[in-house]
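The exercises below are intended for a reader meeting this structure for the first time. Each task is followed by a solution in steps.

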Protein chains: 2
Amino acid sequence: MADTAGASTAGASTSSANMMRILLATDCHLGYLERDPIRGQDSMRTFEEILQIANRENADMILLGGDLFHENKPSRETLMHTMELFRKYCMGSRPCALQILSDQRINFPRFGKANYMDPNYNVGMPVFSIHGNHDDPSGEQALCALDLLAAANFVNYFGQAQQPDDIELVPICIQKGSTKLALYGLGNIRDERLHRTFLKKKVKWLAPDEDTDDWFNLFVIHQNRCAHGERNYIPETFLPDFVHLTFWGHEHKCEIDPTPRDVINTYITQPGSSVATSLSEGESVHKHVGMLYIRADKSFRITKVPLKTVRAFKFRDLVLAEHLPAGATERDVGEFLAAEVETLLRALDSEHRARYRDDAEARKQMRLPLLRLRVEYTGFPTLGAQRFGQRFAGKVANPKDILLFYRKRTSKPKSKA
Amino acid sequence: MADTAGASTAGASTSSANMMRILLATDCHLGYLERDPIRGQDSMRTFEEILQIANRENADMILLGGDLFHENKPSRETLMHTMELFRKYCMGSRPCALQILSDQRINFPRFGKANYMDPNYNVGMPVFSIHGNHDDPSGEQALCALDLLAAANFVNYFGQAQQPDDIELVPICIQKGSTKLALYGLGNIRDERLHRTFLKKKVKWLAPDEDTDDWFNLFVIHQNRCAHGERNYIPETFLPDFVHLTFWGHEHKCEIDPTPRDVINTYITQPGSSVATSLSEGESVHKHVGMLYIRADKSFRITKVPLKTVRAFKFRDLVLAEHLPAGATERDVGEFLAAEVETLLRALDSEHRARYRDDAEARKQMRLPLLRLRVEYTGFPTLGAQRFGQRFAGKVANPKDILLFYRKRTSKPKSKA
Ligand SMILES: [Mn+2]
Ligand SMILES: [Mn+2]
Ligand SMILES: [Mn+2]
Ligand SMILES: [Mn+2]
């Protein structure tokens, strides 16, 4: 804490007693591939970077959009290292400027108050989080890994609907100076079920008790945003007009710039995951977190903060028939694809140098990148992906699964975000 | 905290700025039988009682002797409820009178300091613990459940030997006024292995840096004390002369009164478990924790504190041939054993009334007891234990396994403590 607090950089000029500063991050998937000798620490390293950014940017709070953990029951190692990071970056004597005006016993039913209100703890950086589909409550007592972090007073876990078929959204009403934030959260529910609850008009939005029009209404949700079937997602049109900004978790592609929607009256920001958990095109977009600034007049802006610790990832779609003559052999295919990999590696290298032109330390630390060639092979032989990858061991973080062969008309593989 | 701290009762007259007050408890086995509809909360309820006693008796610290958890990987529910109890009873603004003079980075290698020394936490009741065989470290990083509690700053976990074949015991040197305690701890190691390490003179005891003779030397250990084979235990003769008191965990029978040993120069206290995890005779002895008082002149005493929340448990050894005529039928055996059960239940009832004669509330709250009839049946028919138990459902906490039949010459069943 002490070495970063107060050393605000990018956001310094916007700092004021009435400006609320919230770091937005989501889908950190802590523990993802933890046994992988190359990628095992990726999720944890980037989460540490996020906590460092929050402190450097002098955030009033961190807001997480779910899937903090990759596994519903994280390993002891993952739980332990997560707690060590919270302890290092979120405990501290830095005073918190956020006042909570709503009934905390309703906002945080299990513990009755926000973590920084407990007189036995110095919380320097409050973290608020909903759960995702990866770290959702289970068992008779409906506990999730976030409950353990809340019991240790590291996290303010909120937004667990008691009855998924009849939902009452009660905001956490937070004030800083003259700026008022009504924070609505809804932890992941099976998409079809929540879709139905919306259609049945059984999602009720409670307003703050007083001065309803003075509040900036922020909603955080963790559901499919892209349609996977008719009811297997939440259409943006379901968002009510009075919500000024929706923070959408679960979708791993970074689309963090707030997008105004044609048909609705709200902005949406989708920070995307902080670690790639699939080798799909969306995950290859450069990853960011956001600093959300809210003013008393309810205007807001989001500053994108690129994540430096994330492994670069190149995705390329190839159709063999467009590049190779009929009758090409397995060896021809192999040589062509290997040349493609080399081209991507060179491109990655020069992009890395360009990105960190002014940052010698980051420039030196290029991690092995992720590569995925998605290859349409109709009419050609395929290769063993593992064997192909062997020649790129030491150059690529995922040598075993660089190649993904498919044939036209097969549907794209879908992954759980 | 606030409702119990300062309200010292039994120990009040002995309180002074130079008297160290330590609550001794062990083998709490949190989570034992957690799915049992009758006994599921037993371990947790008694652990709560222990924390209440520590606060009522104004203890300076709690010292646990291992097996805090029953499972190496406690369920989320058990971990959660344990943390909730620590948070309720061990956090608080009560000042801690204990100074640590040794190098805390050596005593607590993972976190570098005792939990109440962290300026971001108000710890009202410091807890020190070694691990047992049930909650021992495992995995590549040698983590155990106590590490999670330590990461959340609830527990001071110590005594993990780095090399079980070459052990260096470094004391935690604790001072209160003019009283000095050198606390040595050794978490469980496989008995044969530790036995060998002792025989090879590879257990080294480091002395406090200064005034070696002024320290009260307390050693906490979690191993077999009873011989189970030639090398499968730690003989008391292995304890060095300079240790004033050994706190022996792992053995579940309460033998808490400090016993001076003939052949050695140390006292031993064995508090026993706080919950019965087997239906053996040793577990039927009434369960206690101890308040250990240490003075500056190195004199000490232990006050036994009976645990009120523990289920009463009657164990009876029976030999059918001593009670029934040859040729007795299954029905005769059943009637005889049922009558024995009824006799035990009546005895339990009057013992309970007598014990709580002056405590109306405790008297009213008699929990269903545990019963075990260990029956030598040579020459007689046996009964189905489950069916036999049905008629005592609602009267006994373990109806399904009241009966244990055996034949002469079979060895006693042994259980993992
Ligand atoms: Mn998700
Ligand atoms: Mn996700
Ligand atoms: Mn044990
Ligand atoms: Mn035990």
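**Exercise 1. Salt bridges between the chains**

Determine how many salt bridges cross the interface of chain A and chain B, and identify the residues that form them.

*Solution.* 

Step 1. The model is a predicted one. Across the interface of chain A and chain B, two salt bridges are found.

Step 2. One pair is A:D118 with B:R87, whose closest N and O atoms are 3.2 Å apart. Another pair is B:D118 with A:R87, where the closest N and O atoms are 3.1 Å apart.

Step 3. B:D118 sits in the loop between α3 (104-107) and β4 (127-129) of chain B, while A:R87 belongs to helix α2 of chain A, so this pair joins two chains.

Step 4. Buried means under 20% relative accessible area. B:D118 has 9% relative accessibility and therefore counts as buried. A:R87, with a relative accessible area of 15%, is buried because it too falls under the cut-off of 20%.

**Exercise 2. The extent of the interface**

State how many residues each chain brings to the contact, and name the three residues of chain A that supply more of its buried area than any other three.

*Solution.* 

Step 1. Chain A contributes 33 residues to the contact, and chain B contributes 33 residues.

Step 2. The size of an interface is often given as the accessible area lost when the parts come together. Between chain A and chain B the buried area is about 2800 Å². Carbon and sulfur atoms give 54% of this area.

Step 3. A:R76, A:R87 and A:N120 supply 29% of the area that chain A buries against chain B, more than any other three residues.

**Exercise 3. The relation of the two chains**

*Solution.* 

Step 1. Two copies of a chain are related by a rotation about an axis and a shift along it.

Step 2. The same surface serves both copies, for 100% of the contact residues of chain A recur in chain B.

**Exercise 4. Helix α2 of chain A**

*Solution.* 

Step 1. Among the buried residues are A:R76, A:L79, A:M83, A:F86, A:R87 and A:Y89.

Step 2. Within chain A, the buried residues of α2(A) pack against α1 (42-56), β4 (127-129) and α4 (145-151). They also pack against α4 (145-151) of chain B.

Step 3. Just after α2(A) comes A:G92, which takes a positive phi of about 155 degrees. In the other chain, α2(B) is followed by B:G92, with a positive phi near 160 degrees.

**Exercise 5. Salt bridges within a chain**

For the pairs A:D165 with A:R193 and B:D147 with B:R110, state which parts of the chain are linked.

*Solution.* 

Step 1. The closest N and O atoms of A:D165 and A:R193 are 2.9 Å apart. A:D165 is in the loop between β5 (156-157) and β6 (167-169) of chain A, and A:R193 is in helix α5 (residues 191-199) of chain A. The two residues are 28 residues apart, and the pair links distant parts of the chain.

Step 2. A:D165 is partly exposed, at 37% relative accessibility. A:R193 is also partly exposed, with a relative accessible area of 28%.

Step 3. In the salt bridge of B:D147 with B:R110, the closest N and O atoms are 3.2 Å apart. This pair links helix α4 of chain B, which holds B:D147, to the loop between α3 and β4, which holds B:R110.

Step 4. B:D147 is buried, at a relative accessible area of 3%, whereas B:R110 is partly exposed, at 37%.

Key. Residues are numbered from 1 along each chain as its sequence is written. Chains are lettered from A and ligands numbered from 1 in the order in which they are written. This is a predicted model: local features need pLDDT of at least 70, side-chain atom pairs count only at pLDDT 80 or more; totals for chains, interfaces and linings use all residues. Side-chain values use heavy atoms; hydrogens and water are left out. Contact means heavy atoms within 4.5 Å. Buried means under 20% relative accessible area, exposed over 50%, partly exposed in between (1.4 Å probe, protein chains only). Helices (H or I, at least four residues) and strands (E, at least two) are DSSP runs, numbered from the N terminus. Buried area is the accessible area (1.4 Å probe) that two parts lose on being put together, summed over both. A salt bridge is a side-chain nitrogen of Lys or Arg within 4 Å of a carboxyl oxygen of Asp or Glu.
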